[in-house]
Amino acid sequence: MNLIVAVNEEWGIGCDGELLSKIPEDMAYFKQKTLGKVVIMGNSTYKSLPGLKPLKDRVNIVMSKDTNLRIRGALVCNSLKDIIYISNMCCAEDVFIIGGQSIYEQFLPYCSTAYVTKIKTNSPQKADKFFPNLDAMPNWKLVDTSETNFFREIEYNFAVFENVNKNMKMMITEAQSADLQQILQLQYLAYQSEAKLLNDYSIPPLKQTIGEVKQEYEKGVFLKAVDEEGNIVGSVRAYLDNNTAYIGKLIVLPEKQGQGVGTELMLAIERECAVARYELFTSDKSVRNIQLYERLGYAKYKEQKVADGLTFVYLEKYPPSNSLGNRK
Ligand SMILES: NC(=O)c1ccc[n+]([C@@H]2O[C@H](COP(=O)([O-])OP(=O)(O)OC[C@H]3O[C@@H](n4cnc5c(N)ncnc54)[C@H](OP(=O)(O)O)[C@@H]3O)[C@@H](O)[C@H]2O)c1
């Protein structure tokens with residue numbers, strides 16, 4: 001599965017339901033890449049197509065939660081699972097995710113190649129929809145970039161990124177109560193490295209009981225990452241209070257660490273919570289975690305010594321609002 005997107009310098013992709021820039025050569029590139037292929041889009045992107053008509057000479061799939069929606073010339077799908085099922089029946093190379101924000105975010109883990117038109121304008125562009133910053137994602141590598149082109153005062157080039165995890169088929173969904181025991185075992189395993197770092201094997205995540213995990217499950221949002229064999233390889237949870245999502249226990253199976261699973265889980269929990277502010281904390285010794293959070297746009301705002309040799313670093317993130325890119 002591939003994706004194709006045009007982004008500005010802030011990885012903005014749209015505003016008020018429209019594209020940010022219309023560059024003839026970029027439109028031609030989009031057409032050349034997708035012609036004769038299956039294109040998957042969200043209903044909002046569909047509604048922004050010229051004349052409200054499916055794209056010609058392509059198999060159009062429109063995602064909507066509306067089970068009564070019918071679109072002449074397009075297939076309507078109501079869930080991610082349906083799309084994965086359909087796309088597994090096609091040649092993966094022939095399926096293109098074409099936006100918008102919500103669809104890119106959900107399908108990013110399943111894509112192997114991203115065709116990204118990078119656009120630079122003289123005057124800043126207002127955006128209210130964004131694409132994840134692939135430059136900051138360890139599992140996405142820039143493999144090709146064209147020379148810089150110009151359209152009027154706009155500079156642009158065509159970049160190609162590849163997902164180094166392309167062979168790892170992973171699905172992130174809500175955890176079920178039947179998963180909690182397995183998630184707790186994974187938690188015990190994942191926090192061993194943290195305990196070693198802190199030289200303390202009695203840290204709270206290693207002492208948490210199934211009863212406490214169940215309480216957290218009841219209270220908030222609980223996600224799991226599942227590999228192609230159905231094994232849980234990661235999880236993250238959050239609870240919401242006063243328009244802030246308090247995110248915690250980002251855990252990844254040790255042998256799957258460093259492959260982007262944590263990043264995907266973070267993007268998924270932010271999407272699920274969709275609040276004005278995200279907060280999390282980690283130990284000041286967890287340098288890799290702090291780097292991951294900073295790459296995802298989190299900034300340190302507080303440090304607190306909680307015991308001898310243990311200091312927590314608190315990080316926060318304000319998601320892009322209807323302003324210029326990454327804000328506060
Ligand atoms: N720069 C680019 O390359 C590019 C490309 C495409 C789009 N865009 C821009 O992106 C913006 C639109 O992005 P968006 O995030 O607002 O909208 P979107 O992703 O195009 O569509 C969102 C809609 O898709 C449906 N949907 C999403 N997830 C679903 C799921 N799991 N199951 C079933 N249905 C699902 C829902 O439709 P229902 O409400 O019907 O349930 C949802 O409201 C526009 O500004 C557009 O111009 C930019």
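## Sorting the residues

In this report, Ala, Val, Leu, Ile, Met, Phe, Trp, Tyr, Cys and Pro count as nonpolar, while Asp, Glu, Lys and Arg count as charged. The others, Gly among them, count as polar. Keep these groups in mind as you look at the structure, which is a predicted model.

## The residues around the ligand

Let us begin with the ligand. How many residues surround the ligand? The shell holds 28 residues, and the closest are Gly14, Gly42, Ser64, Gly99 and Gly100. Several elements give two or more residues to this shell: E1, E2, strand E3 (18–19), strand E4 (38–42), helix H2 (43–47) and H4. The largest share, 4 residues, comes from H4.

The shell around the ligand divides into 9 nonpolar, 15 polar and 4 charged residues. Gly14, Gly42, Gly99 and Gly100 are among the closest residues, and Gly counts as polar here.

E2 and E3 are joined by 2 bridges. Gly14, one of the residues closest to the ligand, stands opposite Leu19 in E3.

## Gly100, helix H4 and Phe107

Find Gly100 in the loop between strand E7 (95–97) and helix H4 (101–107). What kind of peptide bond joins Gly99 and Gly100? The bond is cis, with omega at about 5°. This deserves a second look because most peptide bonds are trans. Both Gly99 and Gly100 are also listed among the residues closest to the ligand.

Follow helix H4 and you will come to Phe107. Is Phe107 buried or exposed? A residue counts as buried if 20 or more other C-beta atoms lie within 10 Å of its own. Phe107 has 21 such atoms, so Phe107 is buried. Leaving out residues up to four places away in sequence, Phe107 touches Met1, Leu3 and Ile97. Ile40 is 67 residues apart from Phe107 in sequence, yet their C-alpha atoms are 9.8 Å apart in space.

## Two residues with a positive phi

Here is another backbone feature to look for. Most residues other than glycine have a negative phi. Trp11 is not a glycine, but its phi is positive, at about 65°. Trp11 sits in the loop between strand E1 (2–7) and strand E2 (12–15). With 21 other C-beta atoms within 10 Å, Trp11 is buried.

Ala274 also has a positive phi, near 45°. Look for Ala274 in the loop between helix H9 (261–273) and strand E17 (277–283).

Strands of a sheet pair through backbone hydrogen bonds, either parallel or antiparallel. An open sheet of 7 strands shows mixed pairing, in the order E13-E14-E15-E16-E17-E19-E18. Its edges are strand E13 (170–174) and strand E18 (299–307); each has a single partner strand, so one side of each is left without a neighbour in the sheet. On average, neighbouring strands are turned by 25° against each other, direction ignored.

Within this sheet, strand E15 (residues 232–241) and strand E16 (residues 244–252) are antiparallel and pair over 7 bridges. E18 and E19 form a hairpin with 2 residues between them, and Gly309 in the turn has a positive phi of about 75°.

## Two domains in one chain

Finally, step back to see the whole chain. The chain is divided into domain 1 (2–163) and domain 2 (170–317). Their centres, taken over C-alpha atoms, are 30 Å apart. Where the two touch, domain 1 gives 7 residues and domain 2 gives 9 residues. On the domain 1 side, these residues are 5 nonpolar, 1 polar and 1 charged.

Conventions
Residues are numbered from 1 along each chain as its sequence is written. This is a predicted model: local features need pLDDT of at least 70, side-chain atom pairs count only at pLDDT 80 or more; totals for chains, interfaces and linings use all residues. Domain bounds come from an automatic or database domain assignment. Two strands pair if DSSP finds at least two bridges between them. Axes are lines fitted to C-alpha atoms, for helices over the stretch in contact, and angles run from 0 to 180 degrees between N-to-C directions. A residue is buried if 20 or more other C-beta atoms lie within 10 Å of its own, exposed if 12 or fewer, and partly exposed in between; C-beta atoms are placed from the backbone. A residue is near a molecule or strand if its C-beta atom, placed from the backbone, lies within 6 Å of it.
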